[in-house]
Amino acid sequence: YSPVQNVKQSCFLLFLAMFSTFLFHYFISRTDVVSVTPWLAPIVWEGTFNPTLLDAVYYKKNISIAATVFAVGKYVMFLRNFLETLDQHFFAGFRVHVYVFTDQPKEVPKVKMAAGRELIVQPVPSSNRWQEISARRMEIIQKLIEEKIQNKVDYIFCLDVDSKFHDRWGTESLGGLVAVIHPGYYKNDRSKFPYERRTSSRAYVAPDEGDFYYCGGAFGGLIPEVLQLAKTCRKNFEDDAKEGIEAAWQEESHLNRYMWINKPSKVLSPEYLWQDFKQREAEIRTIRFSGVVKNYNDIRPN
Ligand SMILES: CC(=O)N[C@H]1[C@@H](OP(=O)(O)OP(=O)(O)OC[C@H]2O[C@@H](n3ccc(=O)[nH]c3=O)[C@H](O)[C@@H]2O)O[C@H](CO)[C@H](O)[C@@H]1O
Ligand SMILES: [Mn+2]
């Protein structure tokens, strides 16, 4: 019996216990964030899924994914960075169709996409109000689905152009109806969410309603579900407009109303739409997609 040996052994066992706890917490589960909603939809955070396993599941299904992005007026300047990083990180290895809607098709950079992926440029009218450019996306997404992609692709994601990818955005994000928690409000109580609060608007959310505050800058899901969302938000936005009402955050407000009534089947953490001006927080283990810093006065038409 050697006391030194004993101490060594205990130290080793203690180390082993600590290391496996670390492994478990770091790679298998997260205890620092909520990873399921009260209606049992997953909330996707780094460390809650196995990317290799998920990719294998979806390769077998031979899926394809559409992405939409709008670049009207000065926002065309964001396209290169957006498209180049998208090709690197967004569903790498899968079939992706990227639809760019712009008023200046000639200004779209010819970014070369990886094999099996394509870039499609579609002209749209310009506008002198940014609120209208942002909100009219719902109508254009509705038409794109109805007229072009209904029977061609399985999933769609609708994204803001003033942003870029930094890390994987892949099959873990797939679901029927998918929403992203807004990075500005994920630590707040619902009373702080900037929902539309006028009862006269069709985007109205009452003080005791609302689950999360979701981003207008990224949402998606299965084609029929996103079609339903786009149609509803478009109609409510237009019916409001006829009565002279514009919701606080345009289509983002209508999207939030829609997601309260029709719960998303998958919720993505703010890793899926961070903002570059914000300092990274401890629970954000990776930033996958984020909004770049911009000067609104320089780039918006009004
Ligand atoms: C990160 C995020 O959730 N952003 C949302 C937020 O503000 P943002 O400040 O991010 O809005 P924004 O200025 O990026 O406008 C939204 C999008 O509309 C397009 N665009 C806008 C103006 C223009 O002149 N040309 C043009 O192409 C472009 O694709 C842009 O990314 O609120 C907006 C509604 O008010 C939208 O819901 C945005 O998606
Ligand atoms: Mn934006």
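I began with V180, which touches Y214, C215, A218, F219, L268, Y272 and L273, leaving aside residues up to four places away in sequence. I note at the outset that the model is predicted.

I next looked up the core around such residues. The largest nonpolar core has 67 residues, and V180 is among those with the most contacts inside it, together with A67, A71, Y214 and A218. Strand 2, residues 64–71, gives the most to this core, contributing six residues. I recall as background that in soluble globular proteins nonpolar side chains tend to be buried together.

I then recorded the chain as a whole. The protein chain has eight helices and eleven strands. Of its 302 residues, 38% count as buried. Its C-alpha atoms fill a box of roughly 90 × 50 × 40 Å along the principal axes. Among contacts with a separation of 6 or more, 74% come from residues 24 or more positions apart.

I turned to helix 6. Helix 6 covers residues 223–242, which makes 20 residues, and spans 28 Å from its first C-alpha to its last, close to the 28 Å expected at 1.5 Å a residue. I listed its buried residues as V226, L229, A230, C233, R234, N236, F237 and D240. What covers these buried residues includes helix 4 (130–135), helix 5 (137–149) and helix 7 (250–261). I also found strand 5 (155–159), strand 7 (177–181) and strand 8 (214–222) included in that cover. After helix 6 comes G244, and I noted its positive phi, near 75 degrees.

I examined an open sheet of three strands, whose order is 6-11-10 and whose pairing is mixed. Strand 6 (163–165) and strand 10 stand at the edges; each has a single partner strand, so one side of each is left without a neighbour in the sheet. Strand 6 and strand 11 run antiparallel and are joined by three bridges. Within this pair of strands, I found K164 opposite S290 in strand 11.

My last entry concerns A282. This residue lies in the loop between strand 10 (274–275) and strand 11 (289–291). Is A282 buried or exposed? I counted 6 other C-beta atoms within 10 Å of A282; a residue is exposed if 12 or fewer lie within that distance, so A282 is exposed. A282 and D32 are 250 residues apart in sequence, yet I read a distance of 9.4 Å in space, C-alpha to C-alpha.

Terms used
Residues are numbered from 1 along each chain as its sequence is written. Chains are lettered from A and ligands numbered from 1 in the order in which they are written. This is a predicted model: local features need pLDDT of at least 70, side-chain atom pairs count only at pLDDT 80 or more; totals for chains, interfaces and linings use all residues. Helices (H or I, at least four residues) and strands (E, at least two) are DSSP runs, numbered from the N terminus. A residue is buried if 20 or more other C-beta atoms lie within 10 Å of its own, exposed if 12 or fewer, and partly exposed in between; C-beta atoms are placed from the backbone. Two residues are in contact if their C-beta atoms, placed from the backbone, lie within 7 Å. A nonpolar core is a set of buried Ala, Val, Leu, Ile, Met, Phe, Trp, Tyr and Cys residues joined through C-beta atoms within 7 Å. Two strands pair if DSSP finds at least two bridges between them. The expected span of a helix is 1.5 Å times one less than its number of residues.
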